[in-house]
Amino acid sequence: ISHFSSRGSQKSGQNLPPTRTNRNTYKFFASRSSSVTQQSLNCSPQNSPFGVPDLGHPDLIKKPLKMRSFEKFKIWVLLICLVFELGYGFYLPGSYPHKYGVGDLLNVKVNSLTSIDTELPYSYYSLPFCQPQEGVKDSAENLGELLMGDRIENSPYRFKMYTNETEIFMCQTKPLSGEEFKLLKKRIDEMYQVNLILDNLPAIRYTRKAGYFLRWTGYPVGIKVQDAYYVFNHLKFTVLVHKYEETNVARVMGTGDGAEVISTVGKDGSEEPGYMVVGFEVVPCSVQHAPDSAKNLKMYNKYPTPIKCDPTTVAMAIKENEPVSFTYEVNFVESDIKWPSRWDAYLKMEGRDLTRYEELDKEAQAQMNEELSGWKLVVSDVFRAPSNPGLLCAMVGDGVQILGMGVVTIMFAALGFMSPASRGTLITGMLFFYMILGVAAGYVAVRLWRTIFCGDHKGWISVSWKAACFFPGIAFLILTTLNFLLWGSHSTGAIPFSLFVVLILLWFCISVPLTLVGGYLGAKAPHIEYPVRTNQIPREIPPQKYPSWLLVLGAGTLPFGTLFIELFFIMSSLWMGRVYYVFGFLLIVMILLVIVCAEVSLVLTYMHLCVEDWKWWWKSFFASGSVAIYIFLYSVNYLIFDLKSLSGPVSATLYLGYSLFMVLAIMLATGTVGFLSSFWFVHFLFSSVKLD
C-alpha cells in the first residue's frame, strides 16, 4: 500500500483520479565495488514458410571448447549471484537514491507549461515569472524528451535540506506590459499548469472534493473569478524526506544530472545524518503584496510582513502596468515512505477493472466447423501473384519492423527499464529498436518478393528502398505538417530544426542502410516454394452474395474488442497527462491482439477460399489491419466526449494528425500479423492435403 500524504494519514486505497504528469524521469545509476524471387511455376514443398537456414551442427564444436565455455558461464553466474547477495540491490524504474545532508542545497527545476485544453506546451519563462540569478539554463535532455515537448530549465526556487523557511521573497516583476497582461490572461483561460521538479519528482497538489482527496501534478498559473484574473504568486512547499538508513559505505549516487561518490561517514569518523527526498507537494496561493514593501528587497530576503497562505481565497489580481511580487515558503516533514515507493502516488491507476474486458465472440469460428470443400477448386490460382506486389512486400516489411519495435519496447518497459520515471527513454528506445529492426523489414520484404515470383531476385533493391521509405516517409510528412503548426503557435512542443536534421540523418544513415542489408540477406536466402502449380490462365471468381470487402472491414471489430478498454488508459496517458505504468498488462493485451488478428485473418481467408475467391493476399492484410479504422473512430469519439475542452483548430488538428500517425502504424503491424498467419495457413493447407 502506497503512502502519499504529507503526514502519512492519506492512504493510496482512497478513490483518487489518475494524475497529470510531466513524464518525469530519472536516469538509473547503481554500482557497487567488488573484487571478484519467376523461374518456373512448378514449385515443390521443401522449405517451411519463412524458415531459418541451418547454421551448423553443434557436434562440429569441439568438446574442450564447450567445457571451457560452460566453466566460464558458471563463473559468471556465481559472480552475479554474489553481487546480488552481498549488494544492497538496485531499484527499477528510477535512479539510485541521492543522499542529502542537513543544509545541503536543493534546486527546483521547471518543465514546460502544459494544458489539457490545448495540448500545446510552452516554456515556463514565456510568462513573466522570476528568473534565477545565474540566468536560465537548460537541463540535459535526451531525444525522447525533445520529441515529447519537455523543456526542463533551472528555477530560482531553492531550499536547504531539513531547513524550514517562510516568507522568502523571490522577485518583483516589471510593470506588466499590455502584451504580457494579455498573455497571462490567455494562459489562465487555457488552464495552463506550472510543472516543478525536485530531485526528479514532479510537484504534486492535493485538493479535497466530496470527501475524497484528488491529486494533480503541477499547479495552475492562475484563476479567473468573475471578470478578474488572479495569479498564484505564493507557493507553499512541503518536502517529504526519509532518513538515509545505510551507513559506512561509499556509493555512486545520482539523479539524472550526474553522479557523485558520497560517503556516509564524516571526516571525524562520526556518522553524518542524511535524508532522501520522497515527496514534493505544493499549495499555490494568491497573496496581495504591496509594491512598496518589495522595492528594496533582494532575492531570498525575508518578506517584511507575515504571509498567510489560504488556497481557498484569491487576492493578487493582475492588472496592466502593475508589477507582481512572488514569494514562497518551504516545510520539511520526515515521512515513513521508502525511497523505492516514492513514485507510488504518481503511478497508481484507478478505475481499472479486469472484469470489464469483453470475451471474444466465437460464433464466427463455430460457423466454420462445417465441412466445406470449395477451396480445393482454386488450387491452381491460390498462389497467383497479387496486384501491386511491391507495395504489399514493403507494407509487410514495415509491419514486421513496427511490430518488433512494439514488442521489444513493451517488454523492456514491463521489466522497468523504460518507466514513466525515466523521462524520454520510452520514445528513445522505440526509435532505437525501430532503426535496428530495419534489417528484419528488408529481409521479410525481399524474401516475400522472391517467394511471390518463385525465386526471381530481380528488383530486390527497389523493394528494399520501398520498405525503408514507405512508413518513415508518411510519418515524416505528417510530423512535418504538424510541426509547422507548432512553430506557428510558438510552442515548445515543436521539434527544433537541428533535431529534424538529426532524425533525417538517423533515417538515411542508419535505418535505410540496415534495411538494405536485410534486403540483401533476403535476396540470398532461399525463397519459400509453393506446394502447388499455378495455371497461366486465371480462374473466374463466381459472383458473391455480398461484397467481400464489407466482411473484411467488419472483421476489425474483433481485434478492437480486445483492446478498446485498455485504449482508454493509453489515450488518457497521451492526452490527459495521466501516468501509464502497467506495461506488463499491456504486453498481455498485445499478445492477445496478435492472436486475435491472426485468427480473424485466417478465418476470413478460409471463407474466401471456400467461395472460390482466390484473391486473398490483400484481403488477409486488411482483415486484421482494419482494426485501425475503429481505433481512429474511437480517437474521434475521445476527442468529442473526453477532450471536449480542447480549444482551437490547431489543437484539434494536432490531435487528429498524431492519431492518424498512430493508426497507420497499428494498421501495418496488425495487417502484417494477419497476412503472415494467412500465408502460413494457405501454404500448410495446400501442402498437407492430397489433391487430384
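Analyst: C130 and C171 form a disulfide, with 1.8 Å between their sulfur atoms. A disulfide here is a pair of cysteine sulfur atoms within 2.5 Å. The torsion about the S-S bond of C130 and C171 is about -90 degrees, so this disulfide is left-handed. C130 sits in the loop between strand 2 (105–110) and helix 2 (143–148), and C171 in strand 4 (residues 165–172), so the pair ties together parts 41 residues apart in sequence. Helices (H or I, at least four residues) and strands (E, at least two) are DSSP runs, numbered from the N terminus.

This is a predicted model: local features need pLDDT of at least 70, side-chain atom pairs count only at pLDDT 80 or more, and totals for chains, interfaces and linings use all residues. Residues are numbered from 1 along each chain as its sequence is written, and side-chain values use heavy atoms, with hydrogens and water left out.

C130 counts as buried because its relative accessibility is 4%. C171 is buried as well, at 17%. Buried means under 20% relative accessible area, exposed over 50%, and partly exposed in between (1.4 Å probe, protein chains only).

How many disulfides does a search of the whole structure find? It finds two. C285 and C309 form a disulfide too, their sulfur atoms 1.8 Å apart. The torsion about the S-S bond of C285 and C309 is about 70 degrees, so that disulfide is right-handed. The pair links distant parts of the chain, 24 residues apart. C285 belongs to strand 16 (residues 274–285), while C309 lies in the loop between strand 16 and strand 17 (325–334). Both C285 and C309 are buried. With the bonded cysteines of the protein chain numbered in sequence order, the pairing reads 1-2, 3-4.

C454 counts as buried, at 7% relative accessibility. C509 is exposed, with a relative accessible area of 53%.

Eight of the 10 residues of strand 13 (residues 234–243) are buried, so strand 13 is largely enclosed by the rest of the structure. Strand 13 is joined to strand 16 by 10 bridges, and the two run antiparallel. Two strands pair if DSSP finds at least two bridges between them. H242 stands opposite M276 in strand 16. Strand 13 also has eight bridges to strand 17, and these two run parallel. There, L235 stands opposite Y328 in strand 17.

Now the helices. The axes of helix 9 (residues 460–488) and helix 10 (residues 497–524) come within 8 Å and cross at roughly 165 degrees. Axes are lines fitted to C-alpha atoms, for helices over the stretch in contact, and angles run from 0 to 180 degrees between N-to-C directions. Helix 9 and helix 10 are therefore roughly antiparallel to each other (an angle over 145 degrees). By class, their contact has 17 nonpolar, six polar and no charged residues. Ala, Val, Leu, Ile, Met, Phe, Trp, Tyr, Cys and Pro count as nonpolar, Asp, Glu, Lys and Arg as charged, and the others, Gly among them, as polar.

Last, a glycine. G577 is found in the loop between helix 12 (557–575) and helix 13 (583–610). G577 is buried, with a relative accessible area of 7%.

Methods
Parallel < 35°, antiparallel > 145°, perpendicular 65-115°, else oblique.
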